Amino acid sequence: MVLKIAVPDLISNSYFPAVAAVELGFLAEKGLDSKIELIFPVSKAYAALREGVVDCVAGSAHSALSAFPEWRGMKLLCAQAQGMYWFLVMRSDLDPARGDISVVKGRIIGAAPWVDLGLKRLLVAAGINEERDGVTIAPVPNTGESSTNFGLMAAKALQGRLIDGFWANGMGATVAVESGAGKIVLDVRRGDGPKECFNYTMASVAVTDAFLAKRRDDACKIVEAIDATHLALTKNVTLAEKVGRKVFPPNEARLIAALIERDLPYYSSVISSGFVSGMNAFARDVGILRGTPSYQDVVAERF
């Protein structure tokens, strides 16, 4: 039986721990034959989980609510890394300053479905009103396919001046900066923007309640494999390039080790009660959650 793990963006650092757990053999060492499947956007990945097409989703935690209202029928198994991990990148010719969120006024910002909610709520927290301030947050052109690597497409759209900015992963941000087309305005994980935004979401691994009931030992092995991957990359970050050469185009394979080295301080599989409280508050604020689920309603019991 092959363990199928859906990721909503593959050529990225965002879900790299799950990809590396497969490519470096840590899941295989646990007796789990596994493979990664790219399913974009994240709502389709979670729909595939709900329908039993895949066994896990390694994606943004809050987006599980797209397919599992009120967290019913699934659990977050572990974190891949802590904190909301997307970047706001704006066109270089706009001369954006680091931390100046007002640069979005009157501009078109590309963001993926469900990912866009993090930016929308961040703008509210920063005192920016989309309608009043003329901010348009919309999908990036040419990202309608389920095999889309969103960050790279966003960087390409920025270079082509199809958008004024984007909200996407660190790989897309780095490619845009290297090309000269973009400048980073916000890196929430590292302290930019309103403080509460850090806990809006995280890169997690999710499974269904049915999976936990039938394959609890396998769920435990998945967490152990993520922990082993974190440890291996921390000890030897050049392993990231080894994975990149298998999975990424050459340019992005060249970049991935530096991105992972920057992410290492956030590598922990723990999902804290403080994070869940912050994420649920965010989810209620953006209208994707009504109730007040407990920690146990959201996160699988540790094994």
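A: A residue is called buried when its relative accessible area is under 20%, exposed when that area is over 50%, and partly exposed in between, with a 1.4 Å probe and protein chains only. By this criterion both F40 and F150 are buried. The model is predicted, and local features need pLDDT of at least 70, side-chain atom pairs count only at pLDDT 80 or more, and totals for chains, interfaces and linings use all residues. Residues are numbered from 1 along each chain as its sequence is written, and side-chain values use heavy atoms, with hydrogens and water left out.

Rings of Phe, Tyr and Trp (its six-membered ring) pair if their centres lie within 6.5 Å; planes under 30 degrees apart are stacked, over 60 edge-to-face, and the rest tilted. The count under this rule is 6 aromatic pairs. One of them joins F40 and F150, a stacked pair with 5.7 Å from centre to centre and 15 degrees between the planes. Because F40 lies in the loop between β2 and α3 (42–50) and F150 in helix α5 (residues 150–159), the pair ties together parts that are 110 residues apart in sequence. Helices (H or I, at least four residues) and strands (E, at least two) are DSSP runs, numbered from the N terminus. Ring pairs also link Y15, Y85, W86 and W167 into a cluster.

As for the strands, two of them pair if DSSP finds at least two bridges between them. Strand β1 (residues 3–7) has 4 of its 5 residues buried. With strand β2 (residues 34–38), β1 pairs in the parallel sense over 5 bridges, and S34 in β2 is the bridge partner of L3. With strand β3 (residues 56–60), β1 pairs in the parallel sense over 2 bridges; here I5 stands opposite C56.
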